[in-house]
Each structure stands twice: as structure tokens, then as C-alpha cells.
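Thanks for making the time this morning. I would like to walk through one model with you, so please have a look at it before I start on the details.

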Amino acid sequence: MLTLLLLAVTFHTDFEGASLGKVEILSDTHFRCAVKGEADHDGRNRQANWYYFRIDGATGRKLTIDLVDLVGEYNYRTGTHAVTRHTRPVYSYDGTEWKHFDNAEWDDRAIALRLQFTPDKDRMWIAHIPPYTNQNLAKLLRSFHSHPHLKRETRGKTVESRDILLLTVTNPKVSDEKKRVVWLMARQHSWEAGTSWVAEGALRFLLSSEPQAVRIRDDFVFKIFPMADPDGVARGGVRFNANGYDLNRNWDAVDPRRMPEIAVQRKAIFDSVDSGRRIDFFLTLHNTESEDYIAGPLSAGSPGVRKLAERFSTLLNELTAFHSPKGPRDSGQTTTPAMKGRMMVTQALFYERQIPAFLMELMVERSPKLRRLPTIEDRLEFGATLVKIISTAIADR
Ligand SMILES: [Zn+2]
């Protein structure tokens, strides 16, 4: 019996953030694995690009895994898929260090991604991009537990009663009166783990003893929502909260019961503005397949907002791997919501309080400037530079 168990290759999803659909066994080394995907509250907009599972018992055996059931919808456009010819899965033997597979074979007719590999170890984790869970965040925050320049608050609860955290980084010994104020948000969409690595890099830099970080803490207040959808991250979701609502749409529909995450985040931001505090810059971080870009209220904003966007974009293009040669995009839809329940955070913040709010997309496919698929280290480093660039772009205003 023991021998049989050792021979069978088994698939596991009994850990935080894991997701996998049905596994069909084609032979003892060939498996067809459906990507579970997730649809919204109406059963629309299915997106299938988060998979994270463990394979046990395959040491030294050449496996073939076909990732299938990838097609869904995006913004009600059918037939789209966010696992592509150019997205390359990652693997790990310890759940911490992640590497991209050297090869993956795309089948355009079947819309499937085939992996062929021979595990070196008995346990192997596979994911779409390097995962970042609530546990990663908790560990990070524990490491900064007694930092005098970090304040951590729970601003409310998610559908499943998880904490909605808001972090504040600043030197409390310097009066806030003249400080510029920046808000950052990560992980509105739970599959976009790359944005959490960026946020971690940003936080690590902000709390560091580097002279520039010390100056930034004297001159700025950074407010960070590090995990906008902790429920989705916990269950290995894709882009909807536990009730099926997209947390970067619906910002015009205040519904604390169906989407408490948005209600809590909106209130925190608007309470701050309404009490007379400034917000010089708001940025929400996202991942997408093949493009880096920034979008913001270019046409509706003042010339100052457009200049800020252009300065921010130029610095990113010059100093980082961010590759957006066409510059910032207009997020449009600022005076009248085009469709009820489709407003993004950036649109709502500008529409309702004229906050210079931007969205940043960071690609998960091969970066033309890095000349490789982005790694955890690339994301962490980008996060640190992002803080420096934001503070420079705003200080120049
Ligand atoms: Zn997103």
C-alpha cells in the first residue's frame, strides 16, 4: 500500500491562496488540469488565470501537464483569456523561492498551455506568477512590528470578516501640516500577486534607514492599503470579492453589505479629504499580461494633473524597467459613469473629490527592458524605486 502511494502523482490545494480546477488523469505522468477561474455575481466576466497547486510524488518522472479551460470574458467581451502564449508559470520546491519554467508550449487551437518537466524533489508548487498571500503580509508586518514610523490600523472587515488594513508611514515627530500625502493600494484583484511584491518593496524602502527614506518620512505621509481583497487572496480567487463583485469596478455603488471592502476603503479616503487633509497622489497597483501603463484623469483634470502624470511616467520610463513609451493614458469616464457599477477607484476618487488618482498596470509577460520574465526581486526593487519616483514627481510640483 505504501509503495502504491509513493508511486502515484498527487495534486494538492489545501493551503492559502491555492486554486486548481478538475484534474483529468490521461496516464500516470500526463494530466489535464483545468484552471478553475472565477465569474462575477452575474455569472459573467469569467477570468481563468490563477492557478497555484502542489504536486507530490513525482521526483525524477517526466510529467506533462496541460493547463486548460482558460477562456472567459473581460469587461463583458467574450472569448478572452489571460493565460497566453507568453505567460510562463513559475515553480518552487519550498514555497518561497520561485523560478519560471524554461519552456511552455502554447496550443492555439485548444487554447491550452503545456508544461513538460521532471521534478527534482518530491514536492513541487506551481503557480501563474509568484504567489503572495495574507501570510506573507502578516510576516512582513511582524518584522516591522516595533518600527516607530509605521502605524497599522484595521479600518473595517471584509465579507468573510478579515481585517482591511491601512498602513501609515511617516515620522510622527515631524508635524503633518506641511507633509505631502500619498496613498497606495495593492491587490484589488487577488490574482495580481506581483502588486504585493511591489508594495512590499515600497514598504521595506520607506521604513529603511537609507537617507532618502528618512527624508521622505519627514516630508511625506504614505497611506497604504496593502491587501484590498484579503478574502480573494485567501481562497485563491481571481478578481472578485467573496460576493462576486469586482473591487476595481463598482466604486460608484456604495454597498457595505455586498462589497464592504470598497465601502471601507472609500470611507477611509473620503474621511481624510473631508477632514481637510490633502491627497497629493493616489496610485492603485495592478498586473496585466503584456503592457505596462499608467492611466489617470488626463482630459478631465487640470493641466497640473496632466503634468504630474507625465512627470511620473517619464521618471518611471527613465529609471525603472517600466516600459510605456506612449506615456500616460486617459482613464476617461470622469463626469458621468458610462455604466452603473463599473467605476474604477481612480475614476471615483477624481469624480467625487478631484483627487489626482492613477492606476498602474505592470506586465507579467517578458519585460522588454529587463529582457526576462519579472522575478520577485524585480518587483521588490521596483517598489523601492517607485516610492522615490513618486516623492520626486510630487516634490517638483
Ligand atoms: Zn487588476
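How many bridges join strand E14 to E16, and do the two run parallel or antiparallel? Before I answer, please keep in mind that what you see is a predicted model. Strand E14, which covers residues 163-169, is joined to E16 by 3 bridges, and the two strands run antiparallel. If you want to find that pairing on the screen, look for Val169, which stands opposite Phe222 in E16. E16 also pairs with strand E15, residues 180-186, this time in the parallel sense and over 6 bridges, and here Val181 has Val221 as its bridge partner in E16.

Is Glu261 buried or exposed? Its relative accessible area is 0%, and because the cut-off for calling a residue buried is under 20%, Glu261 counts as buried. The side chain of Glu261 makes a polar contact of 3.0 Å with the side chain of Asn241. Leaving aside neighbours within four places in sequence, the residues in contact with Glu261 include Thr158, Val159, Ile164 and Asp231. Arg162 is 99 residues away from Glu261 along the chain, and yet their C-alpha atoms are separated by 9.9 Å.

Next, the helices. The axes of H7, residues 303-319, and H9, residues 376-395, come within 9 Å and cross at roughly 145°, and the crossing is right-handed. Among the residues that make this contact are Leu308, Arg311 and Phe312 of H7, together with Phe382, Thr385 and Leu386 of H9. Sorted by class, the contact has 11 nonpolar, 2 polar and 1 charged residues.

Finally, there is an open sheet of 5 strands with mixed pairing, in the order E2-E3-E5-E11-E10. E2 and E10 stand at the edges with a single partner strand each, so one side of each is left without a neighbour in the sheet. For E10, 3 bridges join it to E11 in an antiparallel arrangement, with Asp107 opposite Ala112 in E11.

How values were computed
Residues numbered from 1 in each chain as written. Predicted model: local features only at pLDDT ≥ 70, side-chain atom pairs only at ≥ 80, totals over all residues. Heavy atoms only, no water. Buried < 20%, exposed > 50% of the residue type's maximum accessible area, 1.4 Å probe, protein only. Contact = heavy atoms within 4.5 Å. Polar contact = N/O pair within 3.5 Å; in protein donor to acceptor, adjacent residues only side chain to side chain. Pairing = 2+ DSSP bridges. Helix = DSSP H or I, 4+ residues; strand = E, 2+ residues; numbered from the N terminus. Axes fitted to C-alpha atoms, helices over the stretch in contact; angles between N-to-C directions. Left-handed = near helix turned anticlockwise from the far one by under 90°. Nonpolar A, V, L, I, M, F, W, Y, C, P; charged D, E, K, R; others polar.
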